[in-house]
Amino acid sequence: MEKHIPVLLVDDETAFRDALARRLDKRGIEVRQAGDGEEALELMSQYPAEVVIMDVRMPGMDGLTALKHIKANYPSTEVILLTGQACTDDGVAGMKLGAFDYLGKPVELERLIAHIDLARERLTRRREAEAEAEFRAQVSERMAAAERLAALGTLAAGVAHEINNPLAIISESRGWLETRLAKDAGLSPETRKAGELALSKIAAGVERAKQITHQLLGFARRTDWEVREVDLAGLANEVVDLVKKTAENSGAELISKVEPATHLWSDPHGLRQVLLNLATNGLQAVNSGGRVEITAGQSGDRMVIAVRDNGVGIPKENLKRIFEPFFTTKPPGQGTGLGLSVSQGIVDKLGGSIEVESKVGAGSTFRVILPKRPPVAPLSLEQGPWGGGEEAS
Ligand SMILES: Nc1ncnc2c1ncn2[C@@H]1O[C@H](COP(=O)(O)OP(=O)(O)O)[C@@H](O)[C@H]1O
Ligand SMILES: [Mg+2]
């Protein structure tokens, strides 16, 4: 917010204005002065005042006109009008236009100061109410988002569980068909080829569906969380090995710069999954010749693991959505939209947080910030990564 000055005094009688300003100043009230409505508006545009004390009858732009402008452009500014003795009508008109109050001239200093105090009090109360309302709105929005996520997570885990059974049947039957196809001597080469192609498509489809249910179930329902000393360099190398193929395919490079003997206490399976998801995302974001780097460093009693890529970056409008389950910008077959939401859930559970920094065209850095030792008690191990309770299986 811009800097506000406490009081702006507007009157065309210089001597009166100076004297009043001096007396207010003596009482600790900082005052700026203007000689007419226009000058007042000019000053307001530079230093909006909290309270304006303004004469009504002035040459040039009069007080009521200036009041209208002030109320329109600075609705929170309170205006106290000064009216000639025989001019209460001016004051009443001013009140209708939104003036805080009006005082007849000659001005009684104590009354004026009391009015200024009241006006500033009202302003403070209004600001507090606004801040409170904004805070409430933010909290309820965050709670609604967390609830949505929890509900979605529970639902997704349930669906994944149900899908695993038919998936197993499809997979088994495919295997049986494959055997039959291989043994059947009576098939024409065309039919055999077409059959093999269809079976390989089924296999690929099953594989993809399994990937999804694995992401959802493996971590939504995990009950075997174990916190132990983890060799982070070893873990990062494992991850590099696991996605080496993806890296080679896209002509990109994935390297771990984690120093040997970097240790922290955590759940190694959860952590591996997080790094795997982040590294995969990084590789999918870079073009051939791109680079993804895993680093780790201690910051106070926290461990910061960073996965940085020089890929496409994330547009601002997507940044707030990337942790939502099923949010993906990738074509089907490449993305499930689960990697980050699952990772977020795991990291939450390990007492940490994930931060993102990204610039379109320049790349992204995902930082996983973990306690060197996760809190033991608050980890409720029977809950899924989205915080939802475990449902009956
Ligand atoms: N390193 C990254 N660079 C650019 N975009 C990213 C990166 N990581 C994640 N994203 C964006 O976040 C989305 C969600 O990521 P994720 O949850 O892992 O799901 P998926 O990778 O399956 O799409 C991605 O589709 C992509 O738009
Ligand atoms: Mg991903």
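Predicted model: local features only at pLDDT ≥ 70, side-chain atom pairs only at ≥ 80, totals over all residues.

Begin by selecting Ser 266 together with its surroundings: leaving aside residues up to four places away in sequence, Ser 266 touches Glu 226, Val 227, Arg 228 and Val 230, and also Leu 271, Leu 350, Leu 370 and Pro 374. Is Ser 266 buried or exposed? Its relative accessibility is 1%, so Ser 266 counts as buried, the cut-off for that class being under 20%.

Next, select helix H9 (residues 268-285) and helix H11 (residues 339-349), whose axes come within 9 Å and cross at roughly 150°. The crossing in which H9 passes H11 is left-handed. To see what makes the contact, show the side chains of Gly 270, Gln 273, Val 274, Asn 277, Leu 278 and Asn 281 on H9, and those of Gly 339, Leu 340, Ser 343, Ile 346 and Val 347 on H11. Coloured by class, the residues of this contact divide into five nonpolar and six polar, with no charged residue.

Now turn to the open sheet, where five strands run in the order S2-S1-S3-S4-S5 with parallel pairing. Which strands stand at the edges? They are S2 (31-34) and S5 (101-104), and because each has a single partner strand, one side of each is left without a neighbour in the sheet. From one strand to the next, the twist averages 20°.

Within this sheet, select strand S3 (residues 49-55) and strand S4 (residues 78-83), which pair in the parallel sense over five bridges; if you pick Val 52, you will find that its bridge partner in S4 is Val 79.

For the last stop, select Leu 103, which lies in the edge strand S5 and is buried, with a relative accessible area of 4%. Apart from residues up to four places away in sequence, Leu 103 touches Ile 80, Leu 81, Leu 82 and Thr 83, as well as Arg 111, Leu 112 and His 115. Finally, draw a distance from the C-alpha atom of Leu 103 to that of Leu 275, 172 residues apart along the chain, and the separation is 70 Å.

Note on methods: Residues numbered from 1 in each chain as written. Chains lettered and ligands numbered in written order. Heavy atoms only, no water. Axes fitted to C-alpha atoms, helices over the stretch in contact; angles between N-to-C directions. Helix = DSSP H or I, 4+ residues; strand = E, 2+ residues; numbered from the N terminus. Left-handed = near helix turned anticlockwise from the far one by under 90°. Contact = heavy atoms within 4.5 Å. Nonpolar A, V, L, I, M, F, W, Y, C, P; charged D, E, K, R; others polar. Pairing = 2+ DSSP bridges. Buried < 20%, exposed > 50% of the residue type's maximum accessible area, 1.4 Å probe, protein only.
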